[in-house]
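I opened the notebook to go through this structure one topic at a time. The entries below follow the order in which I looked things up.

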Amino acid sequence: MSGPLLLEARDLRVDYPLPARGLRRATNVTVLQQVSLTLADGQSLAVVGESGSGKSTLARALLRLLPLAAGQVLLRGEDLAILTAAELRQRRRDLQMVFQDPYASLDPAMTVAEILSQPLRVFAPELSAAQRLDRCAAALHEVGLQPAHLQRYAHQFSGGQAQRIGVARALIAGPAVLICDEPVSALDLPIRLQVLQLLAAQREQRGLALLFIAHDLAAVRYLCERTLVLFAGRVMEQGPTASLFAHPRHPYTRTLLAASLRADPQAAKAAAAQRRALAPAAAVPAGQSAVAGCAWAPRCHLAQAQCWQQQPVLRQVGDVQVACHRAGELA
Amino acid sequence: MNSTTPPLLQVRSLSVTPAGAHSGVRAVDAVSLQVQRGSILGIAGESGCGKTQLLLALLGLSPRGALVQGQVLWQGQALSAEGASRLRGDRIAMVFQDPMTALNPYLTLATQLCEVWHCHRPGAHAQANSRALSMLQAVGIDEPARRLKQYPHQLSGGQRQRVMLAMALMCEPDLLLADEPTTSLDVTVQAQILDLLLQLRERLGMALIVVTHDMGVLAQLADEVLVMESGRVVEHGATAQVFGAPQAPATQRLLQAAQRLQISDSPAEGGGL
């Protein structure tokens, strides 16, 4: 492929300041460390992990919504950190986001028409009011809503419909990358399926690249070719989604898979048994803490001395990359 | 089970008509069900099907002005409004969907847990604290003594849901009603809470009614599944039967969504969304 890569992140690190309190001095907590990823045009990447793993921080860091402590984000080869505010604003046309809670991310005082017009005012100021309204109606149609909905307010919609409006707003300026931060977690299953189908269809039609954040591996199964598993701000495992599902190398990936619900009573029993097998054998050994070693060690059923002392680095095992001292031993 | 023992809970043709409903639209429409001691009944349905209204009606907590018709029998005895309020929090307890709004942010966990005990066991004040401690332990909270002095915002989402559960268990209820108990949680925490509910059933012989839109939750928990649509029961049967041969279109829709969005244990299925 010619031309620079659509989106690339190199060794990102994000620190959050922890203000002084009582006798404690002000300090920093590192919430994301050594995270690298690439996304080419039309590709899709899932970022999976439990709450607190740094998924949303990663999304915000990619959008330059928060400062990086180290690392670079390149959009078509251009470092986002050195752009001026005005330049950044234009680049964000390519980089749009869908948020988790549709009601919280849609202005309750604006009609749908006003909400959808906002990106057009910024990215397509040449449009007349009538043209904008046409574009808004077309965008609504694409996500399965009617033009009549343009004059309504967010609270007049169900959760699934409101999330469709969130998707329409992100797509209306014609982005190259859509970053979705748990877009379906707040929705009922049947509605969740509809919104995922909508994203899949839009991706197909527009050749969109997708960065999809989720806590449940099951949600990303069909949507993303590659998956990156985050825990405690570090990449535990990454590779083709199919490989991760068929041969999870990292014990954490296995834990995520075993935790996912099955729609079949027999399979649910098997998964519960799997979870018991993955439970850590003993309590944390005396004097050990995960600060020096692997962050997953306290919850790992395979943790041994090395895991407590030494941070595993990401290495190639089969067709995936995995950060685990014992990954090679796992079948 | 002895055939002469009445079921723990029996509901006969329960209907709820919300105040001001147009031409008598019913949120819950002639629902009948029963729950045996120690069994788990799952109630599934899409949002708006009336499943939460049904739970609230069982507890006598229907919104003001709603018309509630039908009969609720507790251990064979008809349950009046005062009777329900006496059982509530004691013999019948409830866990709500969102632990952040169900816990009081201004009060310590100790205050909130002990309140249940003070209400229902007024003669035994002294035991409240030790009771709270052992319940936090039972739901898997580390360092329960320290936690008791903390406030809800100092806990993670999963811990909060465990505290809700501990609060519901204070008086060792015979029946626990759980409204979407894991919907707002991560998958790993969800699995832990579901495993915990099964353990508690074993240990305490407690019966459960679990309400959810996710058939995956019921696949793991329920002995029996009841599916609701527009306030009515459209399917009711043993879990294996409902999952194996779903009859009602509503059940098929729910199951299909859960199947498409699950981890497949059999590879080579594919097929897209």
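**Confidence**

Residues are numbered from 1 along each chain as its sequence is written, chains are lettered from A, and ligands are numbered from 1, in the order in which they are written.

Helices (H or I, at least four residues) and strands (E, at least two) are DSSP runs, numbered from the N terminus.

Chain B has an average pLDDT of 88, and 95% of its residues score at least 70. Residues 266-271 of chain B fall below 50, and this stretch has 2 contacts in the model beyond near neighbours in sequence. A contact here means that the C-beta atoms of two residues, placed from the backbone, lie within 7 Å. I noted that where pLDDT is low, the predicted coordinates should not be read in detail. For the model I wrote down an ipTM of 0.84 and a pTM of 0.87.

**Domains of chain A**

I looked up the domains, whose bounds come from an automatic or database domain assignment. Chain A has domain 1 (39-67 + 86-247) and domain 2 (268-329). Their centres, taken over C-alpha atoms, are 33 Å apart. In the contact between them, domain 1 of chain A takes part with 12 residues and domain 2 of chain A with 9 residues. On the side of domain 1, β10 (234-240) and α9 (241-246) of chain A each give two or more residues. The largest share is that of β10(A), with 7 residues.

**Strands of chain A**

Two strands pair if DSSP finds at least two bridges between them. I found β1 (residues 7-18) and β2 (residues 27-39) of chain A paired antiparallel over 9 bridges. In this pair, A:Asp15 stands opposite A:Thr30. β1(A) is also joined to β4 (residues 70-75) of chain A, again antiparallel, by 5 bridges. There A:Arg10 has A:Gln72 in β4(A) as its bridge partner.

**A sheet in chain B**

Next I traced an open sheet of 6 strands in chain B, with the order β6-β7-β8-β3-β9-β10 and mixed pairing. β6 (92-95) and β10 (232-238) of chain B are the edge strands, each pairing on one side only. Strands β3 (residues 40-44) and β9 (residues 224-229) of chain B run parallel and are joined by 4 bridges. B:Ala44 is opposite B:Val227 in β9(B).

Helix α11 (residues 249-260) of chain B lies across β3, β9 and β10 of chain B, at about 110° to β9(B). Such angles run from 0 to 180 degrees between N-to-C directions, and the axes are lines fitted to C-alpha atoms, for helices over the stretch in contact.

**Where the chains meet**

How many residues of chain A are in contact with chain B? I read 32 residues of chain A against 33 residues of chain B. α7 (189-206), α8, α10 (251-259) and α11 (265-278) of chain A each supply at least two residues of chain A's side. α7(A) gives the most, with 7 residues.

Key. This is a predicted model: local features need pLDDT of at least 70, side-chain atom pairs count only at pLDDT 80 or more; totals for chains, interfaces and linings use all residues. pLDDT is the predictor's confidence in each residue, from 0 to 100.
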